[in-house]
Amino acid sequence: MVSRMKTILTDRQTDRQTDRHDYIIDCWRILAILMVLSVHVNGYLNAVPNLIHRLLSIGAYGVALYFLISGFLSYPSVESSKYMKEYAFKKAIRILPMYYLSLIATFILDALFLGDIELSWKWIYHVFFVNMFVPSAEWEWWNSVNFFWTMPCFVAWYILSPVFFKFIKSSRGALIASVVSAAVVPFIKKWMYTFASEKFVNWNFLCLLYVFFFGVLAWLVIKEKCYVRGFLYGCIIGMIGLLCGNRSGFFVFGLVFYFGILITSWLGLKINNGKAQTIIKAISGVTYSVYLSHYFVLKALNGVFAIFPWPIAYICFIAVAFAFGYVLYRFVETPVADFLKKKARNNPRYSR
């Protein structure tokens, strides 16, 4: 019983105990959080040149990179899990504690203390990750408190991915899933526009599922070492998606990131320097805490941004966001995960 539960590790801990850790994916994850931070701070900065403003706005598609990385890593995670209970446990201790802490803090700050958001039973939508599955004719406050519109997408993917992977056994299977999910999006959107707001439709899991499949496809192409075919697959997805009317920025940037990951692997890019590996893994490790906490940093520094020139304000925000994220990772996320793993090892129910 205990020996079996000792195999239940988070994805990052599994990487620590093997030589499979992918530092290039860590770099992509760091790029994703930098893009997200950039787009969110963009509206707070003072006198930003138009070109810089546009560049920072592209950061909105850092979410697409996050989704793609989730698809990329979830396939080997499911594959290496002996039981679905093991896979679910890994994802639960990775996602839920920090998410609920951030949600409670947001509720206390915005609803109880500042009064910026109404005190309503609709906060419960976020508790059960249905805020982006309950259609709204207008974009409502409860659709995305604290940038939480992404969380239902992640949770839905982690719940459904083991089912998908029962049918996706090769890169060809992932290609079919990617093509179909990308091609039907314009038709799904046309239907959803009849009862939901544009932002709700564009950010809905059903309309972004293909980005996760792009990640799965990238993983399988690299695993099979069929790079030429993988580049061809990307072109096929792009052509069919565009012909079907999928011109979403998530579609375009999803393909860009897909090709980028393939190219870095095809070129054999690796990070072998020990110090560089340590730094990259450390920065990548805190990105989830940074993502869930940078909202509070934005609020705290709101009155400070206008005092400094935009480059200084931007750098300060990034530095503070990572520092705050590290504190949460070090003293909340990691201890809670360790505590839950210890409790699970001692729980006889996991021996069944």
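What follows is a set of questions and answers on the terms used for this structure.

Student: What kind of model is this, and how are its residues numbered?
Tutor: It is a predicted model, where local features need pLDDT of at least 70, side-chain atom pairs count only at pLDDT 80 or more, and totals for chains, interfaces and linings use all residues. Residues are numbered from 1 along each chain as its sequence is written, and side-chain values use heavy atoms, with hydrogens and water left out.

Student: Why is Ala 32 called buried?
Tutor: Buried means under 20% relative accessible area, exposed means over 50%, and partly exposed is in between (1.4 Å probe, protein chains only). Ala 32 has 0% relative accessibility, so it counts as buried. Ala 32 lies in helix 3, a helix being a DSSP run of H or I with at least four residues, numbered from the N terminus.

Student: What does Ala 32 touch, leaving aside neighbours within four places in sequence?
Tutor: Ala 32 is in contact with Gly 62, Leu 65 and Tyr 66, where contact means heavy atoms within 4.5 Å.

Student: Why is Ala 47 called exposed?
Tutor: Its relative accessible area is 65%, so Ala 47 is exposed. Ala 47 sits in the loop between helix 3 (23–42) and helix 4 (50–57). Although not a glycine, Ala 47 has a positive phi of about 55°.

Student: And Phe 147, why does it count as partly exposed?
Tutor: Because its relative accessibility is 21%, Phe 147 counts as partly exposed. Phe 147 also has a positive phi, of about 60°, without being a glycine. Its loop runs between helix 7 (124–127) and helix 8 (151–165).

Student: Which residues does Tyr 295 touch, not counting those up to four places away in sequence?
Tutor: Tyr 295 touches Thr 106, Asp 110, Asn 146 and Phe 147. Tyr 295 lies in helix 16 (residues 287–300), and at 12% relative accessibility it counts as buried.

Student: Where does helix 5 have a kink?
Tutor: A kink of about 25° lies at Ser 74, shortly before the proline Pro 76. The bend at a residue is the angle between axes fitted to the seven residues ending there and the seven starting there.

Student: What makes helix 5 mostly covered?
Tutor: Of its 19 residues, 16 are buried.

Student: How does helix 14 do on the span test?
Tutor: Helix 14 (residues 249–266) has 18 residues and should span 26 Å; its end C-alpha atoms are 25 Å apart, which agrees. Its buried residues include Phe 250, Phe 257 and Tyr 258. The buried residues of helix 14 pack against helix 3, helix 5, helix 9, helix 12 and helix 13 (227–243).

Student: How do helix 9 and helix 10 pack?
Tutor: Helix 9 (residues 171–183) and helix 10 (residues 185–192) pack at an angle of about 35°, with axes 5 Å apart. Axes here are lines fitted to C-alpha atoms over the stretch in contact, and angles run from 0 to 180 degrees between N-to-C directions. Ser 181, Ala 182 and Ala 183 in helix 9 meet Val 185, Pro 186 and Phe 187 in helix 10.

Student: What is the largest nonpolar core, and which members touch the most others?
Tutor: A nonpolar core is a set of buried Ala, Val, Leu, Ile, Met, Phe, Trp, Tyr and Cys residues joined through side-chain atoms within 4.5 Å. The largest one has 102 residues, and Phe 67, Met 151, Trp 157, Tyr 210 and Phe 317 touch the most other members. Helix 12 (residues 209–224) gives the most to this core, with twelve residues.

Student: Which residues does Met 151 touch, not counting those up to four places away in sequence?
Tutor: Met 151 touches Ile 95, Tyr 99, Phe 129, Tyr 288 and Leu 292.

Definitions and conventions. Helix = DSSP H or I, 4+ residues; strand = E, 2+ residues; numbered from the N terminus. Expected span 1.5 Å × (residues − 1).
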